[in-house]
Amino acid sequence: MKRRHTSGDREFNPETLALGFAYEPELSQQAVKPPVFLTSTFQFGSALEGKRFFELAYGLREQEVGERRGLIYSRLNNPNLQIFEERMAAWDRTEMGATFSTGMAAISTCMLGLLKPGDVVLTTSPVYGGTHYLFSHVLPVYGIEVRFVDAGDDAPGAMRAAAEAAGRERVRVLFVETPANPNLVHSDVAAISALGRELTAERDGESSRPVVTLVDNTLLGPVFQRPAVAGADIVLYSATKFLGGHSDLVAGVATGPESLMRPIRDLRTILGTITTPFNGWLLLRSLETVSVRMRRQAKSARKLARILEEHPKVTRVLHPSLLEEGTAQRALFERQCTGDGSLLCFEVEGGEAAAFEVLDRFEVFRLAVSLGGTESLVEHPMSMTHADVPPAELEALGVSSGMIRVSVGLEHMSDLRRDLKHALGG
Ligand SMILES: Cc1ncc(COP(=O)(O)O)c(C=O)c1O
C-alpha cells in the first residue's frame, strides 16, 4: 500500500490504512511491520545532505518539488512517529499530524503555538481537569484570556455572545471538547467551526492569524467522530486513551492542515514535547485494532447503561445511547457521531460517601483514572480527574458528588454485569 491513500478512484478506509499506509518495507529489510527505531540521532549521507535537511527543518528555504524531509534527530522526527502521524492524518482527513509526549503536551503545545498575549480563547465547559487547569491557571500568566461557555445545544450561541463580550477581533482559538468529560454533553462542531470562519473573514490584513477551531476528540475519536470533516481545523487526542488502548503508555496527537501544524511541530522541537520512538511503535500496533476495540467496548457499555438505568440505587445514567429521541442532543449526536463510545457515568444517592462505598466494592472494574483501555475502570470525577474544578461549577454542569465515571473495557460481559451489580449491593 505504501504511500497511497487510494486504489483507482476509491479511497481506502482508515482501518485498512492503519495496517500499511506510509510504511516502506524496502527501507527496513522488507520487514512487514515497522521495526522500532530506537535511536536518538540519524546518520547523514554527506555533510551537504545534513545541511540541506537542517535548512528544511529550520525553515531556511522552501522544499523543492519531490524533495523529502530527511531524518535528523528524534526530538524533531522519527520513522515510528512519522508513520503514526500520517495514518492519524489520513484517519481524521487532515493533512498533517504531530505526536506528543502526552495529551496535555498536545494541547499545551498547540495553544502556545497559536496564541499571543492579549488573545482570547473561547472554550466549552466542562473540559478534562488538566485542560481546565491550563486554561484557568497557566495561559492567563502569559496574558491570554480564557472564557468558558457551557457545552451543549447552546454552545455555538454562547460562544458568539462571549466573542462579542471579549471583542471579536481578540478571539484566536475556539476550543471544543465533545462529548465533554465527564458529563458527556455534545457541542456542535460544524456550527462552532462556522463561527471561527466567520470571525476569520472579518480580519483584513491579519489573514496570517486565522481563528482556529480545535476539537478534543479523545472520547469518541477517531472511530466514532471526525471533527475535521465537520469543519474543525485541528483535531486533538489524548493518545493515552483509545489510540494507545492498553493503558501502557501516555501520549498525545494533533492533526490539521499543514499551514497550522508545521509551526506547531517546529515549536514541539523547541519545547521538546515529542514522544519516544517506542511509544510511536506501540501506537502503530494499537491503531491497527482501535476500530475493533472501540466497537466492542461500546457494545458492552450500551448493555451496562441499560442495566444501570433500571437499578433502584441509581438516580441518573449518562451515555449517548440513552439520549432521548426528539431532543436536540439526540439530533446532534446522530448528525455528528457514528457510535456512542464506552464512557458512561452514573449517579447514586448519598453524595461522595455513597459513591466511595460503591467504588470500593468493585473487583473486575479497577479503581483508577484514565479511560479507553482494554480493562474496565471506575473513578470519582469530582475528587479525582476534575478535582481542580470548583465543586459548585461541576454541580452546575450536572456532575454531582455522587457521580461515578466508568470506562468499559473488553472483559466478558457477564463478569462486568455481575461486578456492577455486586458493587451496587445486588
Ligand atoms: C478528554 C481528555 N483530553 C485530554 C486529556 C489529557 O491527556 P493525557 O493524560 O494523555 O495528558 C485527558 C486525560 O484524561 C482527557 O480525558
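User: Which residues of strand E11 point one way and which the other, and what makes them count as buried?

Analyst: From E11, Leu 343, Cys 345 and Glu 347 point one way, and Leu 344, Phe 346 and Val 348 point the other way; all are buried. A residue is called buried if 20 or more other C-beta atoms, placed from the backbone, lie within 10 Å of its own, exposed if 12 or fewer do, and partly exposed in between. The model is predicted: local features need pLDDT of at least 70 and side-chain atom pairs count only at pLDDT 80 or more, while totals for chains, interfaces and linings use all residues. Residues are numbered from 1 along each chain as its sequence is written.

User: Why is strand E11 (residues 343–348) described as largely enclosed?

Analyst: Six of its six residues are buried, so the rest of the structure largely encloses E11.

User: What makes E11 a partner of strand E10 and of strand E14?

Analyst: Strands count as paired if DSSP finds at least two bridges between them. E10 (residues 314–318) and E11 have four bridges in the antiparallel sense, and five bridges join E11 to E14 (residues 403–407), also antiparallel. Val 314 stands opposite Val 348, and Phe 346 has Ile 404 of E14 as its bridge partner.

User: Why are strands E3 and E5 called edge strands of the seven-stranded sheet?

Analyst: The sheet is open, with mixed pairing and the order E3-E9-E8-E7-E6-E4-E5. E3 (96–100) and E5 (145–150) each have a single partner strand, so one side of each lacks a neighbour in the sheet. On average, neighbouring strands of this sheet are turned by 20 degrees against each other, direction ignored.

User: What makes E7 and E8 a pair within that sheet?

Analyst: Three bridges join E7 (residues 212–216) to E8 (residues 234–238), and the two run parallel. Asp 216 has Leu 236 of E8 as its bridge partner.

User: What makes a residue part of the shell around the ligand, and how many belong to it?

Analyst: The C-beta atom, placed from the backbone, must lie within 6 Å of the molecule. There are 15 such residues, and the closest are Thr 102, Gly 103, Met 104, Tyr 128 and Ser 238. Helix H4 (103–114) and helix H5 (129–138) each supply at least two residues of this shell. By class, the shell has four nonpolar, nine polar and two charged residues. Here Ala, Val, Leu, Ile, Met, Phe, Trp, Tyr, Cys and Pro are nonpolar, Asp, Glu, Lys and Arg are charged, and the others, including Gly, are polar.

User: How many residues of each domain are in contact with the other?

Analyst: Contact involves 31 residues of domain 1 and 34 residues of domain 2. H5 gives the most to the side of domain 1 that touches domain 2, with three residues. That side has 15 nonpolar, 11 polar and five charged residues.

User: Which peptide bonds are cis?

Analyst: Among them are the bond from Ser 125 to Pro 126, with omega near 10 degrees, and the bond from Gly 221 to Pro 222, with omega near 0 degrees. Pro 126 is in the loop between E4 and H5, and Pro 222 is in the loop between E7 and E8.

User: Is Leu 249 buried or exposed?

Analyst: Leu 249 has 20 other C-beta atoms within 10 Å, so it is buried.

How values were computed
Axes fitted to C-alpha atoms, helices over the stretch in contact; angles between N-to-C directions. Contact = placed C-beta atoms within 7 Å.
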